[in-house]
Structures are given as C-alpha cells and as structure tokens.
Amino acid sequence: MTQALPRRSDARPRTTPTNPHTQLDQQPTDLTIARQLADRAFALPAVEERPSAISVPGARALWLREGVPAGPREAFMIDREFAHLHPAPDFSLHLTLPPAWVDHVLAQSWGELHPMATRGLIPATTVMVYAPRNAEELEVVSRILRVSHNFAGGPGQSDQSDQKEARSD
C-alpha cells in the first residue's frame, strides 16, 4: 500500500486569483526538475502530448489517446485533456483528481483549486499543483500526476490503494 502525501514545506506560493491561473513565485531554480516532470508526464501510458485547448500558449497538455476507455467526465478539463504543464517561468500544472485526492492535495499544501473550478466553469476536480522545486518534490508531484492519469482512465492504472488512502486522511 502506498503512503499518504507528505506535507509540503514552506508557505504556499503566490498565485493569480483569476485566469490565467499562474504560480508567481517558488519556481524551481534547477530547470532539470521541470524537464524531468515533463519527461515523466509524457511517458505515461496512452498519453498524447498536444497544445492545451484550455490553457495559455505554450502549455503542454496531456490527452488520453482516442480509443482508450475514459474515466468520468469530471476527470477531464476539456475533451480528453486531463492535465497540462505551464511554460516558463510558471512551471506549475493543472490537472483533475478524484474528489478525495483534491481534498488531500489541498490539505497537504501541494496545490489549490482552479479559480474557474470554484465558479463552476470547469470541473470542481481541477487543481493547480505547484511546481516542484527539488527531487523530493518532483517525486510527490509525479505521484499526484499519476493519480490524475488513473482518474482519466489510463490503461492498467487503476490504483485503488491511492484512492482509499486519500479518503482516510
């Protein structure tokens, strides 16, 4: 069984309160971290990289490939886009999560609800996850991204232990 997310160190970064929803500080100083996150994201099974259909220019979207059984509607921001990575200097990402994981990520200070989600304009499962700043944070953010992929319906990715664990917090 997997472990619950650790609490993120430091105060939450500053972000914009409206669109574009952007992380304003606490970005990684080592850009290798951002590249590693992108490499991991686009290596997930049945993921296709496309320009985001809902984010800023330059955002790299994760789309569940056509023909792969999809999760519930609230697992996607638009069409089959379940996550996107923001370009420099932001480096945060938006993704969808199962409701228990939304609560868990927020409680552990790894992210915040998207302002448009709080207004009901996109699924309430849409979260900004803060940019990882080091190798330890990269592991946590990668795990959160895998949960998002599972929620979207990634093949063979149904991780019930992660979902149960989030509910126990």
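Visitor: Where does Ala 75 lie?

Guide: In this predicted model, Ala 75 sits in the loop between S2 and S3.

Visitor: Is Ala 75 buried or exposed there?

Guide: Ala 75 is buried: its relative accessible area is 0%.

Visitor: Which residues is it in contact with, leaving aside its neighbours within four places in sequence?

Guide: Ala 75 then has contacts with Phe 82, Thr 96, Phe 151 and Ala 152. Ala 152 is 77 residues away along the chain, yet the C-alpha atoms of Ala 75 and Ala 152 are separated by 5.0 Å.

Visitor: What else is in that loop? What is the phi of Asp 79, for instance?

Guide: Asp 79 also belongs to the loop between S2 and S3. Its phi is near 45 degrees, which is a positive value in a residue other than glycine. Most residues other than glycine have a negative phi. Asp 79 counts as exposed because its relative accessibility is 55%, and the cut-off for exposed is over 50%.

Visitor: Let us step back. How many helices and strands are there?

Guide: The protein chain has 5 helices and 6 strands. Read from the N terminus, the elements follow the order α-β-β-β-β-α-β-α-β-α-α.

Visitor: And in what order do the strands form the sheet?

Guide: The 6 strands make an open sheet, ordered S1-S2-S3-S4-S6-S5, with antiparallel pairing. Its edge strands are S1 (47-51) and S5 (111-113), each of which pairs on one side only. On average, neighbouring strands of this sheet are turned by 30 degrees against each other, direction ignored.

Visitor: How many bridges join S2 to S3?

Guide: S2 and S3 are joined by 4 bridges and run antiparallel. Within that pairing, Trp 63 stands opposite Glu 81 in S3. S3 is also joined to S4, by 3 bridges and again antiparallel; here Ala 83 has Leu 95 in S4 as its bridge partner.

Visitor: How many residues of S3 are buried?

Guide: S3 is mostly covered, with 5 of its 5 residues buried.

Visitor: What about the S5 end? Which residue is the bridge partner of Glu 112?

Guide: The bridge partner of Glu 112 is Met 128 in S6. S5 and S6 pair in the antiparallel sense over 3 bridges.

Visitor: Which strands does H4 lie across?

Guide: H4 lies across S1, S2, S3, S4 and S6, and runs at about 40 degrees to S4. H1 lies across S1, S2, S3 and S4, at about 20 degrees to S2.

Visitor: Now the core. Which residues touch the most other members of the largest nonpolar core?

Guide: Leu 62, Leu 97, Ile 144 and Leu 145 do, out of the 34 residues in that core. At least two core residues come from each of H1 (31-42), S2 (60-64), S3 (81-85), S4 (93-96), H2 (99-107), S6 (126-129) and H4 (135-152). H4 gives the largest share, 8 residues.

Visitor: What is Leu 145 in contact with, beyond its neighbours within four places in sequence?

Guide: Leu 145 is in contact with Leu 37, Ala 41, Leu 44, Leu 62, Ala 83, Leu 93 and Leu 95.

Visitor: Which residues of H2 are buried?

Guide: Trp 101, Val 102, His 104 and Val 105 are the buried residues of H2. They lie on the same side of H2 because they cover an arc of only 170 degrees around the axis. The face turned away from that buried side carries the exposed residues Pro 99 and Asp 103. Just after H2, Ser 109 takes a positive phi of about 65 degrees.

Visitor: Where is Phe 91, then?

Guide: Phe 91 is in the loop between S3 and S4. Its phi is near 70 degrees, a positive value in a residue other than glycine. Phe 91 is buried, with a relative accessible area of 18%.

How values were computed. Residues numbered from 1 in each chain as written. Predicted model: local features only at pLDDT ≥ 70, side-chain atom pairs only at ≥ 80, totals over all residues. Heavy atoms only, no water. Core = buried A, V, L, I, M, F, W, Y, C linked by side-chain atoms within 4.5 Å. Buried < 20%, exposed > 50% of the residue type's maximum accessible area, 1.4 Å probe, protein only. Contact = heavy atoms within 4.5 Å. Pairing = 2+ DSSP bridges. Axes fitted to C-alpha atoms, helices over the stretch in contact; angles between N-to-C directions. Arc of directions from axis to C-beta.
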